[in-house]
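Me: Can you walk me through a model? I have the sequence and the coordinates open.

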Amino acid sequence: MYSEAYESYDSTNRILSVFTDNMMRRKAAEEVIKKKPYKILDIATGTGDSAILLSRLSVEKGIHMEIIGIDANYNMLKIAREKANKENIGNIKFVMGDALNMKYEDNSFDAAICSFALKNFLDIDKFVREVKRVIKKNGKFVVLDISNPQKSIGKVPFYIYIAYMSIFGMLTGKKLYKWLPGSTSAFNRKEFITILRKNRLRNIRIREFLFGISYIISCDK
Ligand SMILES: C[S@@+](CC[C@H](N)C(=O)[O-])C[C@H]1O[C@@H](n2cnc3c(N)ncnc32)[C@H](O)[C@@H]1O
C-alpha cells in the first residue's frame, strides 16, 4: 500500500488531516523531549516527519539527540532520507526494520515515538512488548494517532471525517486510502490502553485534540 502511495504521501497527509498533522506532531515531539532524551526511536517513521521535527527541536532547544527512524517500507524511507539531506540534518539515521521484531538490544533508547501507525500493526501486544524491551527504565513512549473518539461530542465530527476519507479514497483509487477509513474506525483506543497497562507501562496520560479524534498517549517504562 505504501509503495503505491509514497510519492504523494506527505501532501495527502496534509489534506487528510486538514493541515493539523504537523501541529499534532509538534505536541507529541515536545512530550518526547520532556526528559531531555539522548537516543530516540521513531517507529514506523514513514517519510520521517516526526523524526525531522524532533531533530529541528533538538537544535531549537539545544538538546543533543540521536534519532533513529525505522520503517518497513524502502520507498517511504527514501523520501525521509531525501528530506533530511535537503535540510542537512546529521542526527537522524533512517533504517529498514520491523516494528514487531526490532534488531536493537534491550534498553537501547531513552524515548520512542510512533505517529499515525498503530493500525498498521497486526499484533499490537507484540508491538508494545517490543517497544518496552528497547526503551530504558523510565524511558518514555509517546503515541500520536487518530481513532473513534470516546466522548459523544466527537462522534458526529468523526463520522464526517470518515466520510471525507472514504470519498478521498474513492477519488484517488489507491489501496492505502481505501483501507484507511475502515482501519481508523476499527482501531480501539481503549484496548490499546489496556495493552499498555497489561505490559506494566506507567504514568499513562492521554491528551485529546479535535473533538477527541486525535490523541497523544504517553507513558513510561
Ligand atoms: C501512516 S504511515 C505513518 C508514517 C509516519 N510515522 C507519519 O507520522 O507520517 C505508517 C508507516 O508504518 C510503516 N509500517 C507498517 N508496518 C510496519 C512494521 N511492521 N514495521 C515498521 N514499519 C511499518 C509503513 O511502511 C508506513 O510508512
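Predicted model: local features only at pLDDT ≥ 70, side-chain atom pairs only at ≥ 80, totals over all residues.

Me: Start with H7 and H8. At what angle do their axes cross?

Reply: Roughly 160°, with the axes of helix H7 (residues 155–172) and helix H8 (residues 175–186) coming within 7 Å. Helices (H or I, at least four residues) and strands (E, at least two) are DSSP runs, numbered from the N terminus. Axes are lines fitted to C-alpha atoms, for helices over the stretch in contact, and angles run from 0 to 180 degrees between N-to-C directions.

Me: So how is H7 oriented relative to H8, and what is the hand of the crossing?

Reply: H7 is roughly antiparallel to H8. Angles under 35 degrees count as roughly parallel, over 145 as roughly antiparallel, 65 to 115 as roughly perpendicular and the rest as oblique. The crossing is left-handed; that applies if the near helix is turned anticlockwise from the far one by less than a right angle, and right-handed applies if clockwise.

Me: Which residues meet there?

Reply: From H7, Ile162, Met165, Ser166, Phe168, Gly169 and Thr172; from H8, Tyr177, Lys178, Leu180, Pro181, Thr184 and Ser185. Two residues are in contact if their C-beta atoms, placed from the backbone, lie within 7 Å. By class, the contact of H7 with H8 has six nonpolar residues, five polar and one charged. Ala, Val, Leu, Ile, Met, Phe, Trp, Tyr, Cys and Pro count as nonpolar, Asp, Glu, Lys and Arg as charged, and the others, Gly among them, as polar.

Me: And H6 with H9? How do those axes cross?

Reply: At roughly 45°, where the axes of helix H6 (residues 124–134) and H9 come within 10 Å. H6 and H9 are therefore oblique to each other, and their crossing is right-handed. Ile124, Asp125 and Val128 of H6 make the contact with Phe192, Ile195 and Leu196 of H9. The contact of H6 with H9 has five nonpolar residues, no polar and one charged.

Me: Glu191 next. Where is it, and is it buried or exposed?

Reply: Glu191 belongs to helix H9 (residues 189–198). Glu191 is exposed because 11 other C-beta atoms lie within 10 Å. A residue is buried if 20 or more other C-beta atoms lie within 10 Å of its own, exposed if 12 or fewer, and partly exposed in between; C-beta atoms are placed from the backbone.

Me: Different topic. What surrounds the ligand?

Reply: 19 residues, the closest being Ala44, Gly46, Asn73, Ala99 and Ser115. Near here means that the C-beta atom, placed from the backbone, lies within 6 Å. The shell has nine nonpolar, seven polar and three charged residues.

Me: What is phi at Asn88 and Asn203?

Reply: Phi is near 55° for Asn88, a positive value in a residue other than glycine, and about 50° for Asn203, also positive. Asn88 sits in the loop between helix H5 (74–86) and strand E3 (92–96), whereas Asn203 is in strand E6 (residues 202–209).

Conventions:
Residues numbered from 1 in each chain as written.
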